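Reader: I have a structure to look at, and I want to know what backs up each label. Can we go through the labels one at a time?

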Amino acid sequence: MRLFAKILKVGLVTEPLGPGDDAVVRVARAVEAKARKLLGRAVAIREVDAGSCNGCEVEITGLMSPVYDSERFGIHFVASPRHADLLLVTGPVTRNMEIPLLKTYEATPDPKVVVAVGDCAQTCGVFRGSYAVVGSVDAIIPVDVFVGGCPPEPADILRGILTALDRLPVRKGRA
Amino acid sequence: MTGFLLEAAQVLLALALAPGLVGLIRWMKARLQNRRGAPVRQPYLELRKLFRKEVVLSTNASWIFRAAPFVVFASTVAVGFLVPLLAVPLPFDEVGDLLVVVYLLLLGTFFLALAGLDPGSAFGGMGSSREMTVAALAEPTLAVAIFALALGAGSTNLGQIVGRTMADPLAAVSPGHLLAFAALFIVMLAETGRLPVDNPATHLELTMIHEAMVLEYSGRYLALIEWAAALKLLIFFALLGNLFVPWGVAATLTPTALSLAVGALLVKLVVLAAAVAIFETRVAKLRLFRVPELLSASFVLALLAVTSSFLLR
Amino acid sequence: MTIASWLLYIIVGAHALGALAALGLRGAAGRVLGATGAGAGSLATLGLGAWCLGTGTVLAITAPILPLTGLALRVDGVSAFFLIVAGVAGAAASVYGAAYSAHYEGRYSLRLLGAMWNVLLLSLPIQVLADNALTFLMTWEVMSLSAYFLVLTEHDRRETVRAANWYLVVTHAGFAALVAAFLLLAAGDPTASFAAMRSAVLAPGTRDAVFVLALIGFGAKAGIVPLHVWLPMAHPVAPSHVSALMSGVVIKMGVYGLLRVSLDLLGGGPAWWGGLALGVGAVSALLGVLYALMEHDLKRLLAYHSIENVGIIFMGLGAGLVFQSYGLPALATLGFVAGLYHTLNHACFKGLLFLGAGSVLHATHTRNMEELGGLIHRMPRTAVGFLIGAAAISALPPLNGFASEWLVFQALLGGSTIPRAEIAVVMPIAVAMLALTSGLAVACFVKAFGITFLALPRSAEAAQAQEAPLAMQIGMGALVLACVALGLAPFFVVPVLGSALGGVGGLPTASVEFSLGTSFRVAGAVGQMSPLLVALGLALLIGLTLGSLRAFADRRLRPGDTWGCGRIGHTARMEYTATAFAEPLRRIFAELYRPTQDLSIDFHPASRYFVESIEYRSAIHPWFEQALYTPVLRLLRGAAHRVRRLQAGSLHLYLTYMTIVLVVLLIVARWPR
């Protein structure tokens, strides 16, 4: 019972998209019409850690927290790429993860988009040139949106996801 | 003729409400986690999206994998025709009784478990194995709870069970009835893959039961399976609601009685959804090997239900 | 000459010719002709059963073939029904066997196999027609011995010989109990006809003794726990069509015998008879399926399921006997009908499954499920047959297993009409055990079908399997049809069974109504279902779903690798195995199984942090069998040791023994009463 008393006391903690997130709201609004046609405001994400330091993962976990609550946009994480519409790839692609990343991409049914999260995913960051690293994510699979930052904030990731959805209709013919 | 129209209307209503029910539970749970949560209509959007996506099919899979979603969906919908949601007696009441309902659902589970094994992935096999374990262990409770219900009505026929409780309101608060309700509630949690038996929201393959079996499905097949799962939840809720608290179920086919029945059904579904949401917020998932303890507890409840019905007759 | 007696002569003639052809002709001709005789004889058996059941003919024949009493045969409803059981399974297995036994050519004696197969198939109809004690017991022995020779077909394997010996010993122990039971029944007159036994008035104690002896004797044949030990040994090692017949029909002779003796000859008894039958039935059902779950030898798994299903049949019969003792003839009929229906259904689906397992064995040369897999791609028709059999034995609607298990459930639920405390305790527990059994059976057949036929092949043999020859497919196809038809038509089968039981042991005629209008009604139990309409509905719904998906959903489909978390390369070694599949249940029921475990790890010589190989062994030995049989075996061995002293090797001594025995016998025989 103490649990429910606490739930009641704390109340809703999800932050409404504040003035600072105007851009997100705008993007969200703009995207909604197009994305709805294809994904119908329901986006399933499969997260792929292609060799990140897990900094980005910590921020991605934040997306699901009560504060950011990505679920309110219909964005949720799934366990299998077969269920996914969007791949969220983090980290520079290591040699061990090159083929798994490719396989994950192949396993995801169309239409699908790829969002590469973090500086490493775009430039390999401090791991650039390492013997263990193959390259950036777009060297392996086509990437729709890069989200910069080391690590990027959850709000940035959310913005990236929404932007990627915006690109969906363009890529439809390419499947 | 009106009877058959009613059947069709009932199944369409069930199909239409089922995703909303899942959405409602998710929304309530989100609120209990102090989140804003997805709107109740979210599962509809997800289903629509899945129907529009392509299917990626494992090259190892056989026709079983492709047939299973249809069998699962069809058997669950068939059950929707047999369970009295709005009115008794249904014209299809004679096609199947409570045992047929249980075994039709088992037919779906059987095919889904085979489909889990079909692509040869270890996750699928693990899911099938666990699902069948839970299903097998839930079976005695179901049967004995049916026995308890049949004892009162003198039949396993669903219409008669509902009619009998309606005719004798005191029976609804008899110990046999209450114990059987508790037993069936636990079995419902197990059969529909809710906490504490299975976590429908898990991302970790090793903790999965139902989700692990469908890990390989995508697109329209996945949509069928998800929809059937939602429908199964709704059917179990309706069974719990209408067999034990039958008031509101229309005994005549007048518009007033039917609209009242729809209202009563909605209220029952919302109450049960709230109960499940609160329960799921409160408990943690059990280890797989603790699940039998839960199920044997439910079995003892069912057995007590039968004995008390016997003795208090 | 009536049609019925013509059919009877055809049965005898066809099997005799078949046996002679098998003995006389070499190679394919003998094999095919022997099987033709067997098939024709079985069809005639089926025809005779159907004819007598349909027309209500009561055929009685006596022939002075046997000493003392002559051969006495009589057809009534129950025996006509068992003729059908034997005919269906026998005909399908014979067709199958014609092709299946081809690979024995040159390795094992096809002549003995063909001849004994015909003898066994002939003994089955004679068995159920027998109308006096001597005919019954003689045929029983012929049946047991011909089955023994059939089990011994692959005689050069140790496990075969061991299994055949166990079979022979248990079956003869049961036979001894039967002889005793019949002697008691007939008040010491071995020539007594069944009619005389029916009218005989026995003391209650004698009747109880007869029932218990019959339960032991027939239970040993039927494979009731704890007399089942031979069954999981003997059925797997026999040729697959023989396994199908033994599991499908021969063990059912135990069911027939028990029904004949307890219901017909004794005319029912006190409630504890039924309770005992119900109890051993429930225990057999549950233990059978629990051990089947742990079994990874496909045919052994099926053999354990025979124990389970015989248990379910005994539950139906037991419920019938209980109701009869409480004066509820309608419910009693329901119980017996449920048991008999399940008997026929089990003959069909277990026959089908054994034939399917035989095809797998034929194609891959292994019964070990851990080496199978992926056969659905290589043997699609066998896979469909096995799938239907698996769904039927799992009691899934709308197949036949469901129809009869539903009736057993209804019969048990009918127990609620008896206002007695012990029934209030026993019936729900019986219902629960039946439900757990059927739930576990579903799990077991998901394993059996899923591991054997789905996913990737786990061995080279499985990867190169070939579809079974046409005759084998036909044998399976016939049983598939039987399973489907029996499942869809309980409204036809149940009244026929009800009328077949009419008059036997004072049961009323056709008290169970089961119409296409789907309801069945007997006093005390009302239930409704229609597998036919369920099947139609399912087909319609599947069609509708398929149609609407085609119309409205995206239709793209792309083949891809199985998702294994991006793993590079996916081999059969990564699949879930049969052992793994059953592991949760093994842990849950660990108290019962008491598995032995043995783990040995070879570490790398340089460091204990690296492992060269890990070997893990775990086995399950049914401990209660050992606990039960070891003392008996020890006692027997000790006795044999002592008896050996009599055997001195001296002819004079033996002649003395004989004289003494003769004198004693003469004195006993002439002793004034």
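This is a predicted model: local features need pLDDT of at least 70, side-chain atom pairs count only at pLDDT 80 or more; totals for chains, interfaces and linings use all residues.

Reader: Why is the link between B:Glu54 and C:Arg558 called a salt bridge?

Author: The closest N and O atoms of B:Glu54 and C:Arg558 are 3.1 Å apart. The cut-off is 4 Å between a side-chain nitrogen of Lys or Arg and a carboxyl oxygen of Asp or Glu, so the pair qualifies. Across this interface of chain B and chain C the rule finds one salt bridge. It also finds 21 residue pairs in polar contact.

Reader: Which element of chain B gives the most to the side that touches chain C?

Author: Helix H5(B) does, with 16 residues. The residues on that side of chain B divide into 47 nonpolar, 18 polar and 14 charged.

Reader: What makes S1(B) and S6(C) a pair of strands?

Author: They share four bridges, in the parallel sense. Pairing needs at least two bridges, so S1(B) and S6(C) pair. In this pairing, B:Val55 stands opposite C:Leu557.

Reader: How many residues does each chain bring to the contact?

Author: Chain B brings 79 residues and chain C brings 80 residues.

Reader: How much area do chain B and chain C bury between them, and on which atoms?

Author: They bury about 6,700 Å², with 72% of it on carbon and sulfur atoms. B:Tyr103, B:Phe110 and B:Phe147 supply 10% of the area that chain B buries against chain C, more than any other three residues.

Conventions
Residues are numbered from 1 along each chain as its sequence is written. Chains are lettered from A and ligands numbered from 1 in the order in which they are written. Side-chain values use heavy atoms; hydrogens and water are left out. Contact means heavy atoms within 4.5 Å. Buried area is the accessible area (1.4 Å probe) that two parts lose on being put together, summed over both. A polar contact is a pair of N or O atoms within 3.5 Å; within protein, one must be able to donate a hydrogen and the other to accept it, and residues adjacent in sequence count only if both atoms are side-chain atoms. Ala, Val, Leu, Ile, Met, Phe, Trp, Tyr, Cys and Pro count as nonpolar, Asp, Glu, Lys and Arg as charged, and the others, Gly among them, as polar.
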